[in-house]
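Open the model in your viewer and keep the sequence panel beside it. The stops below say what to select and what is there.

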Amino acid sequence: MQRDPQGEVEARRSDDSSGAPDFGEMRFRVLFKHAPVGVVLADADSRYIDANPRACQLLGYSRDELIGLGAADIIAKFDADGILPTLDEIHHQVVHNREWRFQRKDRTVFSANVVAMRLPDGCLLGIIDDITDQRLAGE
């Protein structure tokens with residue numbers, strides 16, 4: 001994948017000689033951009049390298065502000081003890097699924113179900129589903 005100057009991943013050309021766009025990559029970018037859940041990608045050192053618009057909205061950061069942060073920067077302090085063991089699990093190919101409390105840039109806290117996993121290239125994928133409305137309905 002190639003990155004343009006704004007950091008967006010550009011669609012790769014397919015391996016055929018026609019130079020046609022890789023439509024799989026284009027579909028991925030559409031899904032990533034328009035997903036109703038937050039999606040973050042982190043490098044092997046657990047620093048965010050990409051985030052979709054919903055993740056930015058949930059966390060209150062711009063994409064540029066979120067890039068370079070790590071889980072400890074966005075997980076609420078009372079859940080912070082779980083970060084390192086969870087990252088260890090994920091690095092050992094365990095698909096992680098649990099509820100976490102996140103702290104937004106403005107310091108407000110929200111709960112979300114998170115599914116996280118290590119991708120074949122070593123990067124980490126996190127899917128963040130805000131459950132605030134479900135929590136409020138249950139009270």
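**Whole chain.** Start with everything shown and coloured by confidence. This is a predicted model, with an average pLDDT of 85 for the protein and a score of at least 70 for 84% of the residues. Now colour by secondary structure: there are 6 helices and 7 strands. Followed from the N terminus, their order is β-β-α-β-β-α-α-α-α-β-β-β-α. Of the 139 residues, 37% count as buried. Among contacts between residues at least 6 apart in sequence, 33% join residues at least 24 apart.

Select residues 1-14, where pLDDT stays under 50. The model has 33 contacts for this stretch beyond four places in sequence. Where pLDDT is low, predicted coordinates should not be read in detail.

**The largest nonpolar core.** Select Leu66, Phe102 and Ile128, the residues that touch the most other members of this core of 25 residues. Then show the elements that each supply at least two of its residues: strands S3 (38-42), S4 (48-51), S5 (96-103), S6 (109-118) and S7 (124-130), together with helices H2 (53-59), H4 (71-74) and H5 (83-91). Another core, of 5 residues, lies apart from it; Phe32, Ala35, Val39 and Leu125 are among its members. In soluble globular proteins, nonpolar side chains tend to be buried together.

**Around Leu66.** Which residues is Leu66 in contact with, leaving aside neighbours within four places in sequence? Show Val40, Tyr48, Ala51, Cys56, Leu59, Tyr61 and Ile74 to see them.

**The cavity.** To find the largest cavity, select Tyr48, Ala71, Leu87, Ile90 and Ala116, which lie nearest its centre among the 21 lining residues. S3, H4, H5, S5, S6 and S7 each supply at least two residues of the lining. How many of the lining residues are nonpolar, polar or charged? The lining has 17 nonpolar and 4 polar residues, and no charged ones.

**Thr86.** End in helix H5, where Thr86 lies. Is Thr86 buried or exposed? Thr86 counts as buried because its relative accessibility is 9%, under the 20% cut-off.

How values were computed. Residues numbered from 1 in each chain as written. Predicted model: local features only at pLDDT ≥ 70, side-chain atom pairs only at ≥ 80, totals over all residues. Heavy atoms only, no water. pLDDT = per-residue confidence, 0-100. Contact = heavy atoms within 4.5 Å. Core = buried A, V, L, I, M, F, W, Y, C linked by side-chain atoms within 4.5 Å. Buried < 20%, exposed > 50% of the residue type's maximum accessible area, 1.4 Å probe, protein only. Helix = DSSP H or I, 4+ residues; strand = E, 2+ residues; numbered from the N terminus. 1 Å grid on protein atoms, 1.4 Å probe; cavity = no way out; pocket = protein on both sides within 12 Å on 5 of 7 lines; lining within 4 Å. Nonpolar A, V, L, I, M, F, W, Y, C, P; charged D, E, K, R; others polar.
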